[in-house]
Amino acid sequence: MRLRGRKNIRESLERQPDLVVLEPQKLKGRWHEFFGNDNPIRIECGMGKGQFISRMSANNPDINYIGMDIYDELLRRGSEKARALWKNEKGQDDVPNLALVRGNVEFLEMMFEPGELERIYLNFSDPWPKSKHGKRRLTHPRFLKKYKEVLSDIGEIHFKTDSLSLFEFSLNSFSAVEYQMRNISLDLHRGGIREDLVLTEYETKFVGQGMPIYRLEAVIGEKVQREHRRSIAEELEKQASRGTTRNYESGFDSDTDDE
């Protein structure tokens, strides 16, 4: 019965070539052809059941989104969720700016050309709490270097987790590879649920339990790094003119960031 169930899921995915990509390496360097436009491409690595990436695609039709996971069942759930959302809110059966990909982050550079992605979302990744599994964490320096290879000159990484230990590990990892960080939050929803952000399934659950959510943005591309340094310099100049000493270089205290 289990084999039959897996076969049915696979067949369901194979019938959705407009939305589901089972062999992403074949589209390396050709993702804009798949979407049929030159809009920016953003990917969620480890999309879970697809709530976040489906909502992002519906909210931002001028941006292309990719939800990636290694499990067929999650791709199936994600496809159902995305199609239902677009049908209910936009009255159409297709989801033109979303691709659900079966893939492993380990092989990201085999799926995308350098500069092909604009943003990477890492939402509630497995914390791998045992120290011997540190290299499996998606914010380990070896993964961060992979991300830089496929991100454009305005490339960013947006990271959220409920794990304080993973967040601390990630702060150190981003610093180790000298990626600049901004909009660092140690309790993202402390003043109430952020209506300007899209929540994942896990996030909705954790916030309901009163758990803090940790978040940061890392600026990776050369162009966005220059803009970030310029904004810091301008803010420090304003602070100096007012005689205050707030340290904006730390990246902390963000209440105006968005997804």
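Strand 8 (residues 214–219) has six of its six residues buried, so this strand is largely enclosed by the rest of the structure; buried means under 20% relative accessible area with a 1.4 Å probe and protein chains only. The model is predicted, with local features needing pLDDT of at least 70, side-chain atom pairs counting only at pLDDT 80 or more, and totals for chains, interfaces and linings using all residues. Residues are numbered from 1 along each chain as its sequence is written, and side-chain values use heavy atoms, without hydrogens and water.

Tyr-214, Leu-216 and Ala-218 point one way from strand 8, whereas Arg-215, Glu-217 and Val-219 point the other way. Strands are DSSP runs of E with at least two residues, helices are runs of H or I with at least four, and both are numbered from the N terminus; two strands pair if DSSP finds at least two bridges between them.

| Strand joined to strand 8 | Bridges | Direction |
|---|---|---|
| Strand 6 (residues 151–161) | Six bridges | Antiparallel |
| Strand 7 (residues 180–185) | Four bridges | Antiparallel |

Within these pairings, His-158 has Glu-217 of strand 8 as its bridge partner, and Ser-185 stands opposite Arg-215.

In helix 3 (residues 51–59), the buried residues are Phe-52, Ile-53, Ser-54, Met-56, Ser-57 and Ala-58. These buried residues pack against strand 2, strand 3, helix 4 (72–90), strand 4 (98–102) and strand 5 (117–123), where contact means heavy atoms within 4.5 Å.

Note on methods
Buried means under 20% relative accessible area, exposed over 50%, partly exposed in between (1.4 Å probe, protein chains only).
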